[in-house]
Amino acid sequence: MEGLKAAFARAKSENRAAFVTYTTAGYPTIEGTADVLLAMEAGGADVIELGSPFTDPIADGPTIQTANTVALKNGTSTKSCLNIVREARSRGLKAPVLLMGYYNPLLAYGEEKMLKDAKAAGVNGFIMVDLPPEEAVRFRHHCTNSGLSYVPLIAPATSEKRMKLLCGIADSFIYVVSRMGVTGASGVLSSGLPDLLEKVHKFSGGKPAAVGFGVSTREHFLEVEKVAEGVVIGSQIINTLKNAPEGEGAKAVEEYCHSITQRRNTKVSLTNGGSNGVAQGISTDANPGGDGSGWISHDNEEAPKDISTADPTKQPASESDPSNGVVHVDAVTHGSDDPGPLEQMEALNTNDDEKDPELMPSRFGEFGGQYVPESLMDCLTELEQGFEDARNDPKFWEEFRSYYPYMSRPSSLHRADRLTEHVRKTAEKGMGASIYLKREDLNHTGSHKINNAIGQALLAKRLGKTEIIAETGAGQHGVASATVCARFGMKCTVYMGSEDVRRQALNVFRMKLLGATVVAVEAGSRTLRDAVNEAMRKWVERLDTTHYIIGSAIGPHPFPTIVRTFQSVIGSETKEQMQALTGRLPDAVVACVGGGSNAAGMFHPFANDPSVRLLGVEAGGDGIDTDRHSATLAGGKPGVLHGVRTYILQNEDGQITDTHSVSAGLDYPGVGPELSGWKDNERAKFVAATDAEAFIGLRLLSELEGIIPALETSHAIFGAVELAKTMKEDENIVICLSGRGDKDVQSVAEELPKIGPKIGWDLRF
């Protein structure tokens, strides 16, 4: 902390701004990063930010995002970051160093251990991207007790109340993001910057402020120097490393820094450059905030279908038919070309007695919360208030119910006679519960997703939004979102991982038929998690006009509560229908679990009925004893992903691991926080069904009941059948039949040659 104060004081005494530089640890190589730090100091850097990479940021632009992808492929970990600082210190580095990154890797490493090890390695403080208000104050106190600095970030949209709180906890300097929603390392700086800095200085009592975003040249540096005590550059340094000849990256960085400062630190020896790898596909957009996160690529064993943005109406029909391997989308993104929320930014930090009262619970036990950048906080507050007003307004629910005929609600519920008979034939005498089906597959669009889509579209209209952004995995939520946008005359953009685009080509075409724009996400593992990341980035760029309809019970508060509220119609109807059919509540309800929207909707109305067992069935993939599954609750541990604390699949370094499921809709490394709470308090039980077991479920329902279920739902069917065998004949089970399987027929046909022999199912003709 004192080193940071001294750096700014020294710069002030020399009548100049402090130069704050950023690089990503492990880029382009782990071995060469210490050389880069020394080169920065040699070129005049006063303070250095070292980015600690994370697999799943919600707040990164492409330059640093891609640099972190390379770093993670190189094996960079939290230990690597500390060792890099330790090595640089041993070679003479004097400049203070800040570690900048996301909370989950720190959480996995352990806060107290991190503070101890960071101080021992020579780290001077931290910038945490997604640490929420109540956590940041506690972490800052831990830092202070260890003699380390916690640097808050302030965005142009930060309210004065929040700005006062942030400025109040600053102990060395304040990171100020110069503007929001403007891309380019060589862009013109914001005209509102002087006014923003005037407020920061007023509320902080004159603490130094360092300005980042959009700074890349000597001219920019001199312009910002007129109004701020520090200037931050990050993306241009990453670009310099990218463009340097192999082995000369550090030298190129030193020369670039010298071109900015016109100074050299003669006490630091010039580096030998180290060994520099070449990163592929890095854009030149700015992100001088140095977000410290990135993507991990996923090698797909299956030969992919082609993705085309060509107009299929201007091509021969054979080339436009998805069955021949070409899936037509409106655009392909390899990661946003615009700055992410981090570059706008960061988390608020309030004392408990200064926090605004909660309109609704934001946590379920230890799970939930808002682990997001500052740029999203005001929008989430608006959304929470808008939803609170709506859910307490009888007219809102009257309007919601007026669309029941359009949605095909209430959905039917009936006994699965032949499936029940099958269970009793294979169970011990006197065992085998009756199985009932809650037919969400008969809803308009073919799944439960329409419940949430209608509700959130009405909420968006109430908030004055005219555009909708959505993410989708299996495509069912994308179809539902496109459907309601067509119904209400709203613009719709759906983000979908390119791997899911390939295996759900039919739903891509359905979305386009409905007038939606479909964007294939090529970043990361190219599945649902990457679609969520990209949707959040795009949402923050158009907060004033756009609402993000999250499809599952995930994300920062209040999204999990919103989704569960609209989906609870499933469980509420089930209660009434089972009372009418059997005269009592069911003994168990079963649902598949990916993010958890249909499970939360089925389970929540029964949460206070202890006689009703709640069983969630996750995607076991090749087995939870392998690394190819998506069973988050069965095989994961608590962490932070996509703005929420919940169970996630992660490695020992807190990096999110790649997932696998034959079902695109369950192929997600996180889960809703309410389900995590139910797991920990043992209100619900969660098991996993493998790909092969899901195929057994699909076959049973198809051949015995004449219903082809979605692959997601097939997991629940298998789990329910196994549960029914352990229950008595006079007991009842209800399965949430969350979706129909026409979307999966092609995927089943492709997978059956591999899975079929394992379960004795051969459909060759």
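In the predicted model, the charged end of Lys 575 is placed over the ring of Phe 606, at 5.7 Å from the ring centre.

Phe 139 belongs to helix α7 (residues 133-145) and Tyr 150 to strand β5 (residues 149-150), so the pair ties together parts that are 11 residues apart in sequence. Phe 139 and Tyr 150 are both buried. Phe 400 and Tyr 404 are likewise paired edge-to-face, because their planes stand at 80°, over the 60 degrees required; the centres of these two rings are 5.9 Å apart. Phe 400 and Tyr 404 are buried as well. Both residues belong to one aromatic cluster, together with Phe 387, Phe 396, Trp 397 and Phe 566.

The protein contains 30 helices and 26 strands. Of its 765 residues, 65% count as buried. Among contacts between residues at least 6 apart in sequence, 78% join residues at least 24 apart.

Helix α2 (residues 33-42) is largely enclosed by the rest of the structure, because 10 of its 10 residues are buried. The buried residues of α2 include the charged residues Asp 35 and Glu 41, and among the others are Val 36, Leu 37, Leu 38 and Met 40. The elements that cover the buried residues of α2 include the strands β1 (18-24) and β2 (47-51) and the helices α4, α11 (235-243) and α12 (249-261). Just after α2, Gly 44 adopts a positive phi of about 110°.

Helix α4, one of the elements covering α2, spans residues 78-90 and contains Ser 80. The relative accessible area of Ser 80 is 12%, which is under the 20% limit, so this serine counts as buried. When residues up to four places away in sequence are left out, Ser 80 touches Ile 30 and Gly 75.

A contact between two helices is found at α28 (residues 691-705) and α29 (residues 711-725), whose axes come within 7 Å and cross at roughly 85°. The two helices are therefore roughly perpendicular. On the α28 side, the residues in contact are Glu 693, Ala 694, Phe 695, Ile 696, Gly 697, Leu 698, Leu 700 and Leu 701. These meet Leu 711, Ser 714, His 715, Ile 717, Phe 718 and Val 721 of α29. By class, the contact comprises 10 nonpolar, three polar and one charged residues.

Asn 608 is located in the loop between α25 (597-603) and β22 (613-621). Its relative accessibility is 74%, so Asn 608 counts as exposed. Asn 608 and Arg 683 are 75 residues apart in sequence, and their C-alpha atoms are 9.2 Å apart in space.

Notes. Residues numbered from 1 in each chain as written. Predicted model: local features only at pLDDT ≥ 70, side-chain atom pairs only at ≥ 80, totals over all residues. Heavy atoms only, no water. Helix = DSSP H or I, 4+ residues; strand = E, 2+ residues; numbered from the N terminus. Buried < 20%, exposed > 50% of the residue type's maximum accessible area, 1.4 Å probe, protein only. Phe/Tyr/Trp six-rings, centres within 6.5 Å; stacked < 30°, edge-to-face > 60°. Lys NZ or Arg CZ within 6 Å of the ring centre and 35° of its normal. Axes fitted to C-alpha atoms, helices over the stretch in contact; angles between N-to-C directions. Parallel < 35°, antiparallel > 145°, perpendicular 65-115°, else oblique. Contact = heavy atoms within 4.5 Å.
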